[in-house]
Amino acid sequence: MPIEAGDLAALTVMAFTAMVPITLTAIGEIVGEKAGVVNIGLEGIMLLAAWTAVAAYFLSGGSHIAGYTAGLAIGLLLGLLHGVIVVYLKGDQIVSGVGLNLFAAGATVVGTLALWGNYANSPPVDVPQFIEIAGQRVSPLVPLTILMGVAVWLFLNKTVAGLRLRSVGDDPRSAEAMGVNVYRVQIAAAAFAGAMAGLSGAYLSIDYIGSFTKMITAGRGFIALANVAFSGWNPLLALLGGFIFGFFEALAGFAKLQLEATAESYLLQSIPYVATLIAVALVSRKGRMPRWLGRPYVKE
Amino acid sequence: MATTPLVSMRGISKVYPDGVKALENVDFDLYPGEVHSLLGENGAGKTTLMRILYGEIRPSSGKIIVEDREVKWSGPWDAIRAGIAMVYQHFRLVETLTVEENLLIYLSSLGLNRAEARSRVEEAMERLGLEVPLVARVGDLPMGVRQRVEILKAISGGAKVLILDEPTSNLTPLEVEALFSVVERLKSLGVSVVYITHKLWEVTRISDRITVLRRGRVVATLKNDGVSEEELARLMVGELAEQGGRGARRKPGKAALTVRNLRVLVDGVERLKGVSLTVREGEILGVAGVAGNGQEELVAAILGLLKPVEGEVLLWGKPVRSPRDFYKLGGGIIPGDRSQILAAEMSVGENAAFIFYTGSRKIALTPGEVEALYREIKDRFHLVAPGPDAPVGRLSGGNQQKVVVGSEVLRGPKLLVAVNPTQGLDIATTRFVRGLLSDLASQGVAVLLVSADLDEVLELSDRVVVMSGGRITGELARGDATPEKVGVLMGA
């Protein structure tokens, strides 16, 4: 099976479009985790946002803006909910996240049945046209994701607000004593993480795939979490990590088109996941993990 | 001294919801540019009084007047904005960030931007004559430097009143001297310093005035003008505090605990770099040193909780590889942190039984046996508790410690490892526990005393070894061990 130069260009562009949900979600989660809040419910948030975006698209008579806004909003609300549960109610961060995932898995199926009369998928959505490179459609979210990575890096490392946020994830007690409103920062960070996951979910359904299908996220929320660890909580490296994962996803899809076989094609679909495992196992950056990550902060 | 106080606290009382009276009708004045010591035992209310001034605790009654205006704080930040800052015993700095970043967080909370913060810090460093490495990570700095960062933080934030809470508890003797000169400098700049401590010599050395608190009441406020330490001790305790007597010792017997060239890694960092020591039957070996210089790892390795990469731990010649070995060979432990061994919500009797029956082969336990154990601890160790069924967390710190010490001592270990055995205890209990360790040694028990309290180590030990940076930097015999000599070894 010869690969031509044109194929390689197409593959690269596909990698960029495939990296968006994994990367954007990871970038949001880096902000959350830098403030000490871990959300393993990102997968669930993406799933609910993907469904909501398609629903809003149809209800608004075919507006992508409405779809994206709805996805972002539901993500923000769920991030906020997670934040309230773990920050104010001192709920276990893992349990709250698992709850989100389980709820999303069930709710989206029920929602699909209610709106579209079947358990599996929505009718197709007209995907938005933006620009085309190497014969591949490129969504506006591709440049947005890259910009977001740079912006979040600048925020965390170059602004006073970012410094204050980082202090919360490392040592909330000292941060509080130095005048940082720990709870408010954590809630805001959790909401931002949710919003980015929501945007990613909306992208998946109304942009990348073009409809809502059952379990459309296919573990991307978890890969995003892996990407956070891979990046060592650095949004710029998360862009790189996202591109690598995106590349393997594109490669799997590409190879599937080339091969006619069916059994092998399932095996190929596992490439991005196996690559994730290997990458995370190889790059372990234990030292950079926010010190107070995942632990509730109780004021004296 | 100016005629009007900068801060005046009048008739301050604090009663907690459970009826505990922490403070009763306390008056406290602070004049500009004075060093005012607050002296008292643990639980006398010194820190509570200052946390009220700092806005962390609301008083039940009384008023606070700052610069002739009555104030009501809703939190520490009201106090900080009014120029009152507090440096805690445990510093409130983010260790993963640099000094500069920490200062920026604090000053940005006061509404300063980056450039303003930098010039404020530079100005404060100059005024104080303090050099701190701004780009260093706080976690990499020694405690004395961190404390200077805290002081710098407060002063660059415009503090006119600085409250230092037990400021010397984590410092080496050299760092203590450095702190004293910073306090002098603060005074000359017109900053008022409240110095909270229970150490008498520090008080006579550094203060202009002294307020002594006992059980939540002011017993005296005096000028530091020929006041003797004995007089202060009497005021603080209410009776003359005598040094705990040491029972007559036998000649030390066989080697009970032998630690040979112990090297321990924790997370890849070498925490013990070849430690050797021997404790013989009938003697107390004291381990002195600033907390965090390998003492914790040494104790864990002796208990068999940490596996050394090199060297060995022997009890009467037999190797210790697990806590099971340690107990089986006759070891006993009084851990440095009571909360590590006591289950706060379980009863006094249950907790005592846990400790007493450690390493025992007993399968079932009757309530009668628990009750008998409780009675014995109560009688022999003067435990004050409502009964064997009361949750241990309800007892005072001193009585909790008696449960730990009593149960462990009754078990009859032949080697006792005691880590900070009197930390946080009142004077009476402290004296009791120290007397007990001394008695045990007289009866032939080998005692390894690991304590950050230098006075305690010097008072009790037959021999003293000093730990610094994961090594033993020296050994001194009883007569030879002076605070100065130990101090030099602590910084070695």
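**Domains, chain contact and cores**

Chain B is divided into domain 1 (7–237) and domain 2 (255–490), with bounds that come from an automatic or database domain assignment. This is a predicted model, in which local features need pLDDT of at least 70, side-chain atom pairs count only at pLDDT 80 or more, and totals for chains, interfaces and linings use all residues. Residues are numbered from 1 along each chain as its sequence is written, while chains are lettered from A and ligands numbered from 1 in the order in which they are written.

Taken over C-alpha atoms, the centres of domain 1 and domain 2 of chain B are 33 Å apart. Eight residues of domain 1 of chain B are in contact with nine residues of domain 2 of chain B (C-beta atoms, placed from the backbone, within 7 Å).

The contact between the chains takes 14 residues from chain A and 14 residues from chain B. On the side of chain A that touches chain B, helix H6 (160–170) and helix H7 (172–177) each supply at least two residues; helices here are DSSP runs of H or I, at least four residues, numbered from the N terminus. H6(A) gives the largest share, five residues.

The largest nonpolar core has 157 residues. Such a core is a set of buried Ala, Val, Leu, Ile, Met, Phe, Trp, Tyr and Cys residues joined through C-beta atoms within 7 Å, where buried means that 20 or more other C-beta atoms lie within 10 Å of the residue's own. Among the residues with the most contacts inside this core are A:Ala50 and B:Leu53. Helix H8 (residues 182–209) of chain A contributes its largest share, 16 residues. Another core, of 75 residues, lies apart from it and includes B:Val287 and B:Leu383.

Conventions. Two residues are in contact if their C-beta atoms, placed from the backbone, lie within 7 Å. A residue is buried if 20 or more other C-beta atoms lie within 10 Å of its own, exposed if 12 or fewer, and partly exposed in between; C-beta atoms are placed from the backbone.
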